[in-house]
Amino acid sequence: MNLNIRDLKFFYIIAEEGSLGQASERIGRSQPALSKCIQRLEDEVGTPLLARSGHGVTLTAAGEIMRERARKLCFFMDQTEQDLENYVRGVSGKIRIGCVPTVAEYLIPTLCQTFLAENPLATLEIVPGVNDYLWDNLENYQLDIILVTKTINYENAIVYPIIDDAVVLVASCQHPLFSKGVKSITPEDLVQYRWLLSGKHTASRSWIDQFFISRGLPPPQVQIETSSSRLMPKILTANEELLGFIPRRNLTKGGVAYRQLKEIPLAGTTNSRHFILGRLKDRQPSPITEKLIQLIREKGAEMF
């Protein structure tokens with residue numbers, strides 16, 4: 001069976017109007033043309049769909065079934081047409097965003113609020129992960145954009161800088177280390193204490209471990225692991241003998257650890273991170289994705 005979509009749409013309007021004449025005026029087609037549409041459908045299904053009378057047309061039992069199917073099809077086609085129009089205009093569509101945990105915690109909530117307030121028909125899928133995982137998923141077209149802390153030598157990527165961030169060594173202001181004076185603290189002193197760090201497979205953890213190993217020292221004794229950047233300052237504040245790394249902005253006035261944690265300015269322990277937005281060169285972003293990229297490039301640093 002090969003049913004013509006236009007014929008089905010015309011049939012549904014005729015069934016709604018109950019008259020070929022009224023349907024003709026509504027559609028802008030002649031009555032003979034509409035009669036031919038009905039004839040084609042009836043020939044295709046092998047049974048009459050309309051019964052004609054002096055007062056118009058009535059539906060046969062098969063016509064009742066066809067009307068319900070045609071109603072759903074017309075709704076689907078109208079919705080598809082509207083969705084495509086919204087997509088082309090850049091007011092709707094789904095955007096798959098990959099992001100590292102720090103971005104997920106600090107940027108994504110405000111970004112979602114701001115973007116959806118201006119684009120209420122858009123939908124967002126947030127996929128947290130580590131850098132390598134997100135790059136792989138971008139390359140495999142599983143993500144539309146990624147927000148990560150480093151780039152790779154990947155010729156098919158376009159990257160935009162978002163914000164620079166410094167992660168520094170800190171401890172509670174009451175930590176025993178500060179009793180000997182900040183300037184006299186050495187790497188050997190640090191390995192005597194337990195630490196709060198991110199998971200073993202993160203880039204920041206590898207960098208911290210290498211800092212000690214390269215100096216002939218064992219890696220830190222980790223007592224607490226968490227991927228939550230928001231939790232770290234609170235845990236360090238509540239556990240005065242732990243050491244850890246957090247963004248320096250948390251220590252400044254207005255930061256969550258202002259006057260509660262103190263930086264240990266030891267050479268080699270400041271990790272500068274560069275957050276970037278990445279997308280593929282060979283994949284043109286949808287109009288709604290372009291809007292999101294533009295928002296992040298213009299206001300991402302403010303939202304972070």
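The largest nonpolar core has 35 residues, and Val 103, Ile 108, Leu 111, Leu 147, Leu 277, Leu 292 and Ile 296 touch the most other members. A nonpolar core here is a set of buried Ala, Val, Leu, Ile, Met, Phe, Trp, Tyr and Cys residues joined through side-chain atoms within 4.5 Å. Buried means under 20% relative accessible area, with a 1.4 Å probe and protein chains only. Helix H11 (residues 287–303) gives the most to this core, with 6 residues. Apart from this core lies another, of 19 residues, including Tyr 12 and Ile 27.

This is a predicted model: local features need pLDDT of at least 70, side-chain atom pairs count only at pLDDT 80 or more, and totals for chains, interfaces and linings use all residues. Residues are numbered from 1 along each chain as its sequence is written, and side-chain values use heavy atoms, leaving out hydrogens and water.

Now take strand S11 (residues 271–280). Because 8 of its 10 residues are buried, S11 is largely enclosed by the rest of the structure. Strands are DSSP runs of E, at least two residues; helices are runs of H or I, at least four; both are numbered from the N terminus. S11 pairs in the antiparallel sense with strand S6 (residues 157–172) over 10 bridges. Pairing requires at least two DSSP bridges between two strands. Ile 163 has Phe 275 in S11 as its bridge partner. Strand S5 (residues 145–148) also pairs with S11 in the antiparallel sense, over 3 bridges. There, Val 148 stands opposite Ile 276.

Notes:
Buried < 20%, exposed > 50% of the residue type's maximum accessible area, 1.4 Å probe, protein only.
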